[in-house]
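Please consult the sequence and the structure alongside the text.

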Amino acid sequence: MGRFADALRAPGLGAIAEVKRRSPSAGELRPEADPAVLARAFEQAGAAAVSILVDERFGGSWGDLRAARSAASLPLLAKGFFSDRAALSEARAGGADAVLLLLRDLDDAAAAELLLVARELDLDPLVEAHDQKELDRAVALGAPVIGINARDLGTFAIDRKAQLELVARAPADRIVVAESGIASRGQAAAAELAGADAVLVGTTLMRAQDPAEKLDDLLQRPLVKVCGLTREEDVAAAAEAGADLAGFVLAQSPRRAEAPLPVPETMLSVGVFVGETEEVGTDLVQLYPQENGHRARDGVLFRDREAVARVFDLPWLEDDDDHWRRAAEAEGRVLLAGGLAPENVRAAIEAVRPWAVDASRSLEAEPGIKDHGKVRAFVEAARGR
C-alpha cells in the first residue's frame, strides 16, 4: 500500500477533505474554489488526504489535480468516473496518490483489471460501495481501502443508518472510509465508532465560510457530552452550545430520565445504565458495573454491544495521582467523567488527552434541570475558547 493508505491507517479518525465546485445533488457549491489554496489549507488543518474532483460534471479538471499537487505535500485522491488504464495513468501523471473506483459502474472483471493497473502505477485504489452486495464484491476483489457512501448515486438520498451498518460489517483488516452525509463532529464520531478509519467530507466543507476551519472543527477532540438530561429544552441548549453527545441516565438517580429524548441529528444519544442495560434506541450505551449495591467508579461505552471506549470517573477534586495516571496511560478511547466543570475541564484534558469529556451535576440549576449558561461555559472551556 502507498502513501494514501498509510495516511488513513494513522491512529484516530482521519479526514479526506474534498475540493468540488458543484454537485449533481446540491448544485453550485463553491464555483470559485481554488484547489491549490484549499489543498494547502486542508493540509494545515490536519487532513489525512485531499480529494480532487477531476470530472467536469463537478466543475473539476485534471488541471485542478496538478494545481493541488503543486501546493500541498499530503496524499491526493483523484476522484472521477474512471473505467480504463488511460484515466489512471493521467491521474498518476497529475500527481495523484490514489484513485476512486466505483463498483456501481464496474463489473468484477473491469474492477479487477483496474486494481491491477493501480498497483502497477503505485496508486492506492479507493473502492466505493453503496450496499451489501457491493461491499461483498469489494472484499472479494481484495480491495485494501473500501469507501462506504451514504449517498445513493441514483436518487442522491442520504442514508446514514445504512452506511453505519455497512461500515460495521466491513472486515477489520481493510481500511474503511465513510463517505458523504457528515456535517458534524457527532456524525463523524458515529462513523468512527462503527469502525471507519476515516471520513470523506466535501459538501459540508465547500459550503462553509472557511472550509479549513470547518475541517478543524469536525476533527476537534475531545468530544463533549452533557449528561443527566431530562428536558427537551436542555437537550436543545446542549446542542446549541455545541455538545456532541447527549446523555440520559436510565438508572436510579435524581437525574433519571423516564426515557431518552430526541436529539438533533448532529448529536449522538447515550443511555446510561448501572448493572444491566435495556434496549432503548440510543446510539450508544454507557454501562457501569454494580459493586456492593452501588455504581462502580469506572464504566464502558458500547455501540451495538461492542465496547468502544473506557469511562474513567475521576475524582478531579481529590489528590489521586494513580487514578489520573491510569486514565492517561489507558489504551484506546477514554471518556472522562466525574467532577468535571467549566473551571477544571481544561486541566483534565491537558492531563489525560481524552477522546471525550462528560459533565452532569456541575451544569445544573437543580437536580435534573440544566443551567444553560453553565452548559455553554463547559462546552467553551472544553473547546479551549
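## Backbone features

Asp 122 is placed in the loop between α5 (108-120) and β7 (124-129); helices (H or I, at least four residues) and strands (E, at least two) are DSSP runs numbered from the N terminus. Although Asp 122 is not a glycine, it has a positive phi of about 60°. Most residues other than glycine have a negative phi, and most peptide bonds are trans. The bond from Arg 221 to Pro 222 is cis, with omega near 10°, and Pro 222 lies in the loop between α10 and β11 (223-226).

The model is predicted: local features need pLDDT of at least 70 and side-chain atom pairs pLDDT 80 or more, while totals for chains, interfaces and linings use all residues. Residues are numbered from 1 along each chain as its sequence is written, and side-chain values use heavy atoms, leaving out hydrogens and water.

## Packing of α2 and α10

Helices α2 (residues 35-45) and α10 (residues 211-219) pack at an angle of about 25°, with axes 9 Å apart; axes are lines fitted to C-alpha atoms over the stretch in contact, and angles run from 0 to 180 degrees between N-to-C directions. α2 is therefore roughly parallel to α10 (angles under 35 degrees count as roughly parallel, over 145 as roughly antiparallel, 65 to 115 as roughly perpendicular and the rest as oblique).

In contact (heavy atoms within 4.5 Å), Leu 38, Ala 41, Phe 42 and Ala 45 of α2 meet Pro 211, Ala 212, Leu 215 and Asp 216 of α10.
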